[in-house]
Amino acid sequence: MAEGETESPGPKKRGPYISSVTSRSVNLIIRGVVLFFIGVFLALVLNLLQIQRNVTLFPPDVIASIFSSAWWVPPCCGTASAVIGLLYPCIDRHLGEPHKFKREWSSVMRCVAVFVGINHASAKVDFDNNIQLSLTLAALSIGLWWTFDRSRTGFGLGVGIAFLATLVTQLLVYNGVYQYTSPDFLYVRSWLPCIFFAGGITMGNIGRQLAMYECKVIAEKSHQE
């Protein structure tokens with residue numbers, strides 16, 4: 001090329017770093033949307049189960065027609081599911097401890113089925129008292145963690161999620177948004193933290209599985225470039 005000549009302007013190809021960052025951002029949004037709709041669907045189904053068994057009672061004026069659930073329950077549960085599902089793989093990445101125990105979709109689906117079964121037991125199974133039911137659900141929830149997770153991160157986040165979610169629920173009940181029949185633990189049922197713990201583990205497993213797919217896609221694109 002002669003001195004003084006300049007290269008003709010043309011389309012610049014994005015470098016691998018920019019490409020991977022863009023792909024990661026898009027995948028993050030997609031994972032969040034998928035987790036949100038999974039949370040909405042589970043909230044509609046499981047909340048319907050609780051209402052049918054008169055475990056939770058909403059004022060008549062806040063009940064919507066769809067699945068007989070209050071309108072704000074599905075979007076709140078969907079948002080919480082998206083946050084939890086994105087938080088689990090993020091913390092795994094920052095701690096440098098990628099979760100590799102039973103990382104396949106069949107295991108995730110079984111985890112969801114067990115979670116639905118635990119929630120179903122809280123509404124359908126009759127015990128002599130709430131303490132027996134709470135201890136049984138606590139054992140089932142820890143069994144779910146041991147069977148499908150077994151990570152210290154998962155257990156710690158599950159306990160934190162159970163504590164915060166129970167606290168928020170107690171505040172909602174205290175302010176008259178809805179109520180529980182036969183409350184035995186500060187306006188709510190004593191087994192409620194077990195349900196939140198199992199739900200956190202379940203959404204964390206789904207989020208981790210979706211994050212594994214994202215890593216595979218980014219790795220393949222980087223290899224091609």
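In this predicted model, helices α3 and α4 run roughly antiparallel to each other, because an angle over 145 degrees between their axes counts as such. Select residues 105-124 for α3 and residues 130-148 for α4: the two axes cross at roughly 175° and come within 11 Å of each other.

Next, display the side chains where these helices touch. On α3, the contact residues are Ser 107, Arg 110, Cys 111, Val 114, Phe 115, Ile 118, Ala 121 and Ser 122; their partners on α4 are Leu 133, Leu 137, Leu 140, Ser 141, Leu 144 and Phe 148. Coloured by class, this contact shows 10 nonpolar residues, three polar and one charged.

Then select the spans that an unreviewed UniProt entry annotates as "transmembrane region": 28-49, 69-88, 131-148, 155-174 and 186-206. Residues 131-148 are 100% helix and 0% strand, with 26 Å between the end C-alpha atoms.

Finally, turn to the largest pocket, whose volume is about 1000 Å³. To centre the view, select Cys 77, Ala 80, Ala 165, Thr 169 and Phe 196, which lie nearest the pocket centre among its 36 lining residues. At least two lining residues come from each of α1 (16-52), α2 (73-95), α3, α5 (152-174) and α6 (192-224). Which classes of residue make up this lining? It comprises 26 nonpolar and 10 polar residues, with no charged residues.

Notes:
Residues numbered from 1 in each chain as written. Predicted model: local features only at pLDDT ≥ 70, side-chain atom pairs only at ≥ 80, totals over all residues. Heavy atoms only, no water. UniProt positions renumbered as here; feature names shortened; annotations may be inferred. Helix = DSSP H or I, 4+ residues; strand = E, 2+ residues; numbered from the N terminus. Axes fitted to C-alpha atoms, helices over the stretch in contact; angles between N-to-C directions. Parallel < 35°, antiparallel > 145°, perpendicular 65-115°, else oblique. Contact = heavy atoms within 4.5 Å. Nonpolar A, V, L, I, M, F, W, Y, C, P; charged D, E, K, R; others polar. 1 Å grid on protein atoms, 1.4 Å probe; cavity = no way out; pocket = protein on both sides within 12 Å on 5 of 7 lines; lining within 4 Å. Points joined across faces, edges and corners; volume = space filled by probe spheres on them.
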